[in-house]
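Me: I would like to go through this model with you, one region at a time. Could we begin with a loop residue and then move on to the strands and helices?

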Amino acid sequence: MYIDFHTHIDFYKKEELQSVYKDINKNNIKVISCAMDDESYKNNLSFSRECNNIIPTFGIHPWKVTSKLPNLDMYNDYIKNTQIIGEVGLDFHWVEDKSTYEPQIEVFKHFVQKAKVYDKFLNIHTKGAEELIYNILNKENMLEKSIIHWYSGDIYTLRKFIDANSYFTLSVDLDTSQKSQEIAKLVPLDRILAETDGPTSLEWVNGVYGMPSEIINVYNNICNTKDICIDELKYNINKTYNNIIIKKE
Ligand SMILES: [Zn+2]
């Protein structure tokens with residue numbers, strides 16, 4: 001079994017969904033499909049009813065936070081039902097509208113506090129706000145419950161997350177990005193997870209539209225970088241998935 005710990009099935013076009021499900025089932029992949037917002041969560045929920053290897057998770061992505069803070073209490077039921085919270089986080093790099101930064105922080109803190117109350121993991125986008133995210137998670141004692149998605153910040157902060165036992169998803173740029181390889185080498189094997197981040201991420205990296213089975217290449221690239229065999233990597237990721245993160249199965 002392969003596990004994609006961070007993807008977005010709702011980024012595929014409607015007419016592609018049947019071949020996406022086929023690709024997932026044929027290659028025995030479990031996919032954690034992160035929400036961007038409540039609408040996106042509902043779509044992922046409906047995909048999971050058609051393909052039970054899809055695990056829908058709820059969060060509000062920092063790109064979806066506007067300068068006006070939403071009524072956060074309306075998300076309570078979704079938060080209770082989701083197995084992992086995500087995608088959540090902060091983005092001070094790609095988001096240029098600074099009027100969203102304070103609301104982004106409020107929304108993120110809300111999800112971190114709820115994750116603590118309900119004892120759930122968080123799938124976290126950290127772009128350009130790595131140190132602040134570290135501090136927020138540290139304050140709530142939630143660093144060990146954090147999956148840091150496709151980390152690209154500085155090595156100083158990375159080491160702090162590693163020392164605090166956070167988890168990391170390595171992504172589709174591992175064979176081409178020296179920085180990502182450096183990060184992969186530093187993260188201990190029992191904290192490594194894999195992701196594809198949806199079809200458009202690979203497209204952003206090298207122009208190829210990614211199907212879910214792209215996760216197999218990510219696994220192989222992790223093996224090359226860490227100099228381990230595929231069985232050892234699968235054993236470690238499956239263990240984390242079964243014993244730590246997805247407790248219901
Ligand atoms: Zn994502």
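Me: Which residues does Ser 171 touch, not counting residues up to four places away in sequence?

Reply: This is a predicted model. In it, Ser 171 touches Trp 150, Glu 195, Thr 196 and Val 218, with residues up to four places away in sequence not counted.

Me: Where is Ser 171 found, and is Ser 171 buried or exposed?

Reply: Ser 171 is found in the loop between β7 (167-170) and α7 (178-186). Its relative accessible area is 2%, so Ser 171 is buried; the cut-off for that class is under 20%.

Me: Let us follow the chain into α7. Which residues of α7 are buried?

Reply: In α7, the residues Ser 180, Ile 183 and Ala 184 are buried. They cover an arc of only 100 degrees around the axis, which puts them on the same side of α7. Gln 178 and Lys 185, on the other side of α7, are exposed.

Me: What covers the buried residues of α7?

Reply: The cover includes α6, β7, β8 (192-194) and α9.

Me: Now to the strands. How many of the residues of β2 are buried?

Reply: Six of the six residues of β2 (residues 29-34) are buried, so this strand is largely enclosed by the rest of the structure. Ile 29, Val 31 and Ser 33 point one way from β2, while Lys 30, Ile 32 and Cys 34 point the other way.

Me: Why do the side chains go to two faces?

Reply: In a regular strand, side chains alternate between the two faces of the sheet.

Me: How many bridges join β1 to β2, and how does the chain cross from β1 to β2?

Reply: Strand β1 (residues 2-7) runs parallel to β2, and four bridges join them. Tyr 2 stands opposite Ile 29 in β2. The chain crosses from β1 to β2 through helix α1 (residues 17-26), and this β-α-β crossover is right-handed.

Me: What about β2 and β3: how many bridges join them?

Reply: Four bridges join β2 to β3 (residues 54-57), and these strands run parallel. Ser 33 has Pro 56 of β3 as its bridge partner. The chain passes from β2 through helix α2 (residues 38-50) to β3, in a β-α-β crossover that is right-handed. Cys 34 stands opposite Thr 57 in β3.

Me: Are the residues of β3 buried or exposed?

Reply: They are buried on both faces, with Ile 54 and Pro 56 on one side and Ile 55 and Thr 57 on the other.

Me: Back to α2. What span should its 13 residues have, and how far apart are its end C-alpha atoms?

Reply: At 1.5 Å a residue, the 13 residues of α2 should span 18 Å; the end C-alpha atoms are 19 Å apart, which agrees.

Me: Which residues of α2 are buried?

Reply: In α2, Ser 40, Tyr 41, Asn 44, Phe 47 and Ser 48 are buried. They cover an arc of only 120 degrees around the axis, which puts them on the same side of α2. An α-helix has 3.6 residues a turn, so residues three or four places apart point the same way. Glu 39, Arg 49 and Glu 50 are exposed on the other side of α2.

Me: What covers that buried set, and what lies at the start of α2?

Reply: The cover of the buried residues of α2 includes α1, β2, β3 and α3 (76-81). At the start of α2, a side-chain oxygen of Asp 37 comes within 3.3 Å of the backbone nitrogen of Glu 39.

Me: Let us turn to backbone geometry. Which peptide bond is cis, with omega near 10 degrees?

Reply: The peptide bond from Gly 86 to Glu 87 is cis. Glu 87 is found in strand β4 (residues 84-89).

Me: What is phi of Asn 165, and what is phi of Asp 227?

Reply: Phi of Asn 165 is near 70 degrees, positive although the residue is not a glycine. Asp 227, also not a glycine, has a positive phi of about 55 degrees. Most residues other than glycine have a negative phi.

Me: Where are these two found, and how accessible are they?

Reply: Asn 165 is found in the loop between α6 (155-163) and β7, and at 33% relative accessibility Asn 165 counts as partly exposed. Asp 227 is found in the loop between α9 (214-226) and α10; at 70% relative accessibility, Asp 227 counts as exposed.

Technical notes
Residues numbered from 1 in each chain as written. Predicted model: local features only at pLDDT ≥ 70, side-chain atom pairs only at ≥ 80, totals over all residues. Heavy atoms only, no water. Buried < 20%, exposed > 50% of the residue type's maximum accessible area, 1.4 Å probe, protein only. Pairing = 2+ DSSP bridges. Right-handed = clockwise from strand over helix to strand, strands pointing away. Expected span 1.5 Å × (residues − 1). Arc of directions from axis to C-beta. Contact = heavy atoms within 4.5 Å. Polar contact = N/O pair within 3.5 Å; in protein donor to acceptor, adjacent residues only side chain to side chain.
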